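Reader: Could you show me how to read a model like this one, feature by feature?

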Amino acid sequence: MSAGQPRVLVVEDEPAQREVLAYNLEAEGFVVSRAGDGEEALLLVEEDLPDIIVLDWMMPNLSGIEVCRRLKIKPETRSIPVIMLSARSEEVDKVRGLETGADDYVVKPYSVIELMARVRSQLRRVRPSAVGQQLEFEDIILDSEGHKVSRDGIELKLGPTEFRLLSTFMEKPGRVWSREQLLDRVWGRDIYVDTRTVDVHIGRLRKSLTLNGGTDPLRTVRGAGYALG
């Protein structure tokens with residue numbers, strides 16, 4: 001897995017449609033996981049939280065509606081955007097899908113271009129830096145597209161790892177990230193890095209952020225990890 005790239009889980013029991021979706025999402029720069037049924041989808045989510053889920057309603061054994069319901073009642077998966085795909089076009093079905101917790105509802109057959117736009121729209125809400133948005137926290141500004149960071153109007157020099165760390169913190173100010181979560185998000189799951197490496201890069205990030213004065217915006221939460229603000 002490539003670190004920093006947005007991750008999407010495609011849940012579709014029809015192999016041809018699943019591969020078409022995966023191909024187009026990968027072309028958009030996503031890291032794609034695939035599930036052919038609801039049970040497999042829940043297992044994959046438990047192993048590796050995606051940034052967004054594209055979920056088919058009509059699947060054998062465990063329907064997309066039930067998968068969505070289970071995801072939305074768990075605190076650790078509640079905030080993951082779910083785009084529901086369905087051949088059901090009646091208003092009552094759309095309402096049921098949205099009331100179950102789906103963040104968007106797309107009727108089959110759908111335009112792949114439109115679906116990609118909807119994926120980007122949902123991703124913009126939960127991972128703004130992944131779609132090139134500028135992030136701000138107090139006097140810190142991070143331009144993900146230009147790969148620039150400034151504090152109080154002064155540009156800071158950050159290494160690529162420190163930049164990805166800061167992006168992660170600025171997407172969710174106040175959230176406490178464990179070392180393991182930061183390793184997953186910043187370095188990638190397939191890369192073996194000792195958790196102490198996180199502490200080293202946090203130290204470098206702190207030094208860069210306070211080089212020209214100002215208080216340290218990063219907070220160490222004993223036994224839990226790190227947070228911004």
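This is a predicted model: local features need pLDDT of at least 70, side-chain atom pairs count only at pLDDT 80 or more; totals for chains, interfaces and linings use all residues.

Reader: Let's start with Asp 152: is Asp 152 buried or exposed?

Author: You judge that by relative accessible area: under 20% is buried, over 50% is exposed and anything in between is partly exposed, with a 1.4 Å probe and protein chains only. Asp 152 has 62%, so Asp 152 is exposed. Residues are numbered from 1 along each chain as its sequence is written, and side-chain values use heavy atoms, with hydrogens and water left out.

Reader: Where does Asp 152 sit?

Author: In the loop between strand 8 (148–151) and strand 9 (154–156). Helices (H or I, at least four residues) and strands (E, at least two) are DSSP runs, numbered from the N terminus.

Reader: What about the phi of Asp 152?

Author: Here's the general idea: most residues other than glycine have a negative phi, and most peptide bonds are trans. Asp 152 has a positive phi, near 55 degrees, and is not a glycine. Glu 138 also has a positive phi, of about 50 degrees, without being a glycine. You'll find Glu 138 in the loop between strand 6 (134–137) and strand 7 (140–143), and with 63% relative accessibility Glu 138 counts as exposed.

Reader: And which peptide bond is cis?

Author: Look at the bond from Lys 108 to Pro 109, which is cis, with omega near -10 degrees. Pro 109 belongs to the loop between strand 5 and helix 5.

Reader: Okay, salt bridges next. How many are there?

Author: Side chains of opposite charge can pair when their charged atoms come close. The rule used here wants a side-chain nitrogen of Lys or Arg within 4 Å of a carboxyl oxygen of Asp or Glu. That gives 18 salt bridges. Take Asp 51 and Arg 7, whose closest N and O atoms are 3.9 Å apart. Asp 51 is in the loop between helix 2 (38–47) and strand 3 (52–56), while Arg 7 is in strand 1 (residues 7–11), so this pair ties together parts 44 residues apart in sequence. Both partners, Asp 51 and Arg 7, are buried. Asp 48 joins in too: Arg 7, Asp 48 and Asp 51 form a network of salt bridges.

Reader: Which residue does Asp 103 form a salt bridge with?

Author: With Lys 72, at 3.1 Å between the closest N and O atoms. The two come from distant parts of the chain, 31 residues apart: Asp 103 from the loop between helix 4 (91–100) and strand 5 (104–107), Lys 72 from helix 3 (residues 64–73). Asp 103 is partly exposed at 29%, whereas Lys 72 is buried at 13%.

Reader: Now the helices. How do helix 2 and helix 3 cross?

Author: Two packed helices are described by the angle between their axes and the distance between the axes. Axes are lines fitted to C-alpha atoms, for helices over the stretch in contact, and angles run from 0 to 180 degrees between N-to-C directions. The axes of helix 2 and helix 3 come within 9 Å and cross at roughly 25 degrees.

Reader: Which residues make the contact?

Author: Contact means heavy atoms within 4.5 Å. Helix 2 brings Gly 38, Leu 42 and Val 45, and helix 3 brings Val 67, Arg 70 and Leu 71.

Reader: What about helix 3 and helix 4?

Author: Their axes come within 9 Å and cross at roughly 30 degrees, so helix 3 and helix 4 are roughly parallel as well. Ile 65, Cys 68, Arg 69 and Lys 72 of helix 3 meet Arg 96, Gly 97 and Thr 100 of helix 4.

Reader: Last one: what do the buried residues of helix 7 pack against?

Author: They pack against strand 1, helix 6 (160–171), helix 8 and strand 11 (225–228). Among the buried residues of helix 7 are Leu 182, Leu 183 and Trp 187. Just after helix 7, Gly 188 has a positive phi of about 100 degrees.

Key: Angles under 35 degrees count as roughly parallel, over 145 as roughly antiparallel, 65 to 115 as roughly perpendicular and the rest as oblique.
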